[in-house]
Amino acid sequence: MKPNFIQKVTNWGNFPVVEKEIKSEDSIEKIKDFVRNNNEVIARGNGRCYGDASLSEHIFSTKRLNKFISFDRLNGVIECESGVLLSEILEVIVPQGYFLYVTPGTKFISVGGAIASDVHGKNHHAEGCFSEYLETFSLLNENSEVITCSRTQNEDKFWATIGGMGLTGIILSAKFKLKNIETAYIRQESIKAQNLDEIFKLFDESESWTYNVAWIDCLQTGKNIGRSIMMRGEHAFKHELPKKLHQNPLRLKQKFIPKVPFYFPDFMLNKWSVKLFNYLYYSKQQKKEVKNFVDYETFFYPLDVVNDWNKIYGKKGFIQYQMVIPKEKGKAGMKKILETIAKSGNGSFLAVLKLFGKENPSAYNSFPLEGYTLALDFKVNPKLAKLVSDLDEIVEEFGGRIYLTKDSMSKSSLTNYLRNVQNPKFVSVQHKRILSNSN
């Protein structure tokens, strides 16, 4: 990539597409010059967020900040530059008996992006967000100064940057803790649920499990609304594994990763194809409950098994809409949301339900609050704006929040909960949209 030029830029949803200046450097002095000489700057990692949060008039790509700094194998602490991907970290740490405490549904995000979004995973109810295990990071601030941020040093910037969507500066490097593991495998249970009552009961019964997630059929109605499959898991100990996996329990066999070669035509993804997919996905598990062992990639990153899968949604792209509803209102809120989606005819291949634990009051810009979160993919189409508006109203009615990392269309003030981050130096397309809709 050339260091500095105007180009078309979009993130993983291929919506929206903008023509902006993008620069990539590994020299701190040159990065300082870029920030010093421009307003409306935003950092962008690997572009795997779904919305418009990492788009701005002047984009700094962290892809060249891709070096490891240290790995304390004794204490399980790693330090690296902000452009290093979680996939690259896993390649280093898993063979050494470590894993990430918190990981989202793709391993192809940058460390800087993980902090700016304060990413969560399937274990928020048990282990919180990425920030819980973050020790320090270096930040290039609005004055082009590099400062060290931690819970005891520049703590105001530390907490404002966590979940701050890049609006406090450019994260240059970070140090964080890792989790001990004995194997690269997960002991998994998959349990079918016929409706919302069953899946919420399963979540209640599964709170002692470290990892919980449910795929949900968002087009079901009536007595089958909320039909789903719960997947819960724990890191497997070596003695639990089948004998065939004992020899190299921390190393996975290399897999063939297919690639979607072209953008699918618009007509291929519609209400009926989504209904068929959902039927087949639910029916492929014939038993009510299945217990097995799967490798960590299968459990945590099911979509990463196909490169460029975003092309399935066509050239117009797609959005991901993710909200959280407080726990005491979770079932009623999710029922209304699912009824609204089914009525709209905007089906989602990917509809994922998770449970959040208590929020960390110090991380005031983080998305999670104690409750249930649902993430959905929708192909961009003329009816989508109306659906998003309807969903925003329901989330507001039930006292919920919308996830900024996924947002690219919401006009609701529910997205505008960022604090201590407004300055003219670091501004995103998303933040300008939110502010203009709030005025």
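Reader: Okay, so helices (H or I, at least four residues) and strands (E, at least two) are DSSP runs, numbered from the N terminus. Where does Ile 225 lie, then?

Author: Ile 225 lies in the loop between E12 and E13. One note before we go on: this is a predicted model, where local features need pLDDT of at least 70 and side-chain atom pairs count only at pLDDT 80 or more, while totals for chains, interfaces and linings use all residues. Residues are numbered from 1 along each chain as its sequence is written, and side-chain values use heavy atoms, leaving out hydrogens and water.

Reader: Got it. Is Ile 225 buried or exposed?

Author: Ile 225 is buried, at 8% relative accessibility. Buried means under 20% relative accessible area, exposed over 50%, and partly exposed in between (1.4 Å probe, protein chains only).

Reader: And what is Ile 225 in contact with?

Author: Setting aside neighbours within four places in sequence, its contacts (heavy atoms within 4.5 Å) are Asn 195, Leu 196, Gln 220, Lys 335, Leu 338 and Glu 339. Glu 339 is 114 residues away in sequence, yet the two C-alpha atoms are 7.9 Å apart in space.

Reader: Let's switch to H6. Which of its residues are buried?

Author: In H6 (residues 196-205), Leu 196, Ile 199, Phe 200, Leu 202 and Phe 203 are buried. They sit on the same side of H6, because they cover an arc of only 155 degrees around the axis. That arc is taken from the directions from the helix axis to the C-beta atoms.

Reader: What do those buried residues pack against?

Author: They pack against strands E11 (185-193), E12 (211-216), E13 (228-235), E16 (351-356) and E17 (371-379), plus helix H9.

Reader: Oh, H9! How does H9 pack with H10?

Author: H9 (residues 330-344) and H10 (residues 384-397) pack at about 170 degrees, with axes 10 Å apart. Axes are lines fitted to C-alpha atoms, for helices over the stretch in contact, and angles run from 0 to 180 degrees between N-to-C directions. So H9 is roughly antiparallel to H10; under 35 degrees counts as roughly parallel, over 145 as roughly antiparallel, 65 to 115 as roughly perpendicular and the rest as oblique.

Reader: Which residues make that contact?

Author: From H9 they are Gly 333, Lys 336, Ile 337, Thr 340, Ile 341 and Ser 344, and from H10 Leu 387, Asp 390, Leu 391, Ile 394 and Glu 397.

Reader: Last one: where is Glu 189?

Author: Glu 189 is in strand E11, and with a relative accessible area of 10% it is buried. Its contacts include Trp 209, Met 230 and Lys 291.
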